[in-house]
Amino acid sequence: MADAVLGLGTALGLGGMAFRFLEYLYPVVPPVKLVEVPAGSPGDIPEGGVLLMHLPEGPVMLEKSDGEVRAFSAICTHLGCIVQWNPGAKQFVCPCHHGMYDFNGNVLSGPPPRPLEKFEVKLHDGGVFVLMRSLKEEQA
């Protein structure tokens with residue numbers, strides 16, 4: 001009888017430790033909430049050019065080519081500087097560490113470890129809306 005109780009206690013103790021270990025490996029991550037952020041109208045963006053917008057969820061570069069509007073994060077993936085548009089070279093340039101991105105946000109040179117983040121764009125009600133992660137936490 002004592003052996004059964006000792007065995008059961010050992011199994012429960014090891015099971016509890018295993019549960020805590022697995023809980024540590026797989027932390028609870030809240031779901032990402034996307035919001036449609038208004039970013040002006042399509043007429044605000046120059047055809048074949050780029051417009052920097054400082055939206056509440058972060059700075060965004062809006063680009064229009066052949067009537068299609070695209071959006072990229074204006075935050076450099078190296079150290080978080082705000083990139084600038086160089087219209088002559090048709091490149092995004094980070095002024096701090098000279099990271100360069102092409103027209104599609106891909107890294108051309110410099111220290112950036114990955115491309116600029118791309119955002120989905122929706123056009124409706126005569127406006128441009130960018131789908132971005134909400135900075136506001138959900139109220140329970």
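Phe72 is buried in this predicted model, because its relative accessibility is 1%, where buried means under 20% relative accessible area, exposed over 50% and partly exposed in between, with a 1.4 Å probe and protein chains only. The model is a predicted one, in which local features need pLDDT of at least 70 and side-chain atom pairs count only at pLDDT 80 or more, while totals for chains, interfaces and linings use all residues. Residues are numbered from 1 along each chain as its sequence is written, and side-chain values use heavy atoms, with hydrogens and water left out.

Phe72 belongs to strand S4; helices (H or I, at least four residues) and strands (E, at least two) are DSSP runs, numbered from the N terminus. Contact is taken as heavy atoms within 4.5 Å. With residues up to four places away in sequence not counted, Phe72 touches Pro59, Val60 and Met61, then Phe92, then Phe103, Asn104 and Gly105, and finally Leu116, Glu117, Lys118 and Phe119. Val32, by contrast, is 40 residues from Phe72 in sequence and 18 Å from it in space, C-alpha to C-alpha.

The discussion now turns to the nonpolar cores. In soluble globular proteins, nonpolar side chains tend to be buried together. A nonpolar core is here a set of buried Ala, Val, Leu, Ile, Met, Phe, Trp, Tyr and Cys residues joined through side-chain atoms within 4.5 Å. The largest such core has 14 residues, and those with the most contacts inside it are Leu55, Val60, Leu62, Ala71, Val128, Val130 and Met132. At least two residues of this core come from each of strands S1 (34-38), S3 (58-65), S4 (68-73) and S11 (127-133). The largest share, three residues, is supplied by S11. Apart from this core lies another, of 12 residues, which includes Val50, Cys81, Trp85 and Phe92.

Leu62, in strand S3, counts as buried because its relative accessible area is 0%. Leaving aside neighbours within four places in sequence, Leu62 is in contact with Ala39, Ile45, Gly49, Val50, Leu51, Met53, Arg70, Ala71, Val128 and Val130. The C-alpha atoms of Leu62 and Val50 are separated by 5.5 Å, with the two residues 12 apart along the chain. For Val130, under the exclusion of neighbours within four places, the contacts are Val35, Glu36, Val37, Ala39, Leu55, Leu62, Ala71, Phe119 and Glu120.

Strand S1 also contains Pro38, which is exposed because its relative accessible area is 53%. Beyond its neighbours within four places in sequence, Pro38 is in contact with Leu55, Val128 and Phe129. Pro38 and Val121 are 83 residues apart in sequence, and their C-alpha atoms are 10.0 Å apart in space.

Open space in the model is described by its pockets. On a 1 Å grid over the protein atoms alone, a pocket is an open set of points where a 1.4 Å probe fits, with protein on both sides within 12 Å along at least five of seven lines, and lining residues have an atom within 4 Å of a point. The largest pocket has a volume of about 240 Å³, the volume being the space filled by probe spheres set on the points, which are joined across faces, edges and corners. Of its 14 lining residues, Ser73, Ile75, Glu117, Phe119 and Arg133 lie nearest its centre. S3 and S11 are the elements that give two or more residues to this lining. The lining divides into seven nonpolar, three polar and four charged residues; Ala, Val, Leu, Ile, Met, Phe, Trp, Tyr, Cys and Pro count as nonpolar, Asp, Glu, Lys and Arg as charged, and the others, Gly among them, as polar.

Lys90, in the loop between strands S5 (84-86) and S6 (91-93), has a positive phi of about 55° although it is not a glycine. His98, in the loop between S6 and strand S7 (100-101), likewise is not a glycine and has a positive phi of about 60°. Lys90 is partly exposed because its relative accessible area is 43%, whereas His98, at 54%, is exposed.

The expected span of a helix is 1.5 Å times one less than its number of residues, so the 24 residues of H1 (residues 2-25) should span 34 Å, in agreement with the 35 Å between its end C-alpha atoms.
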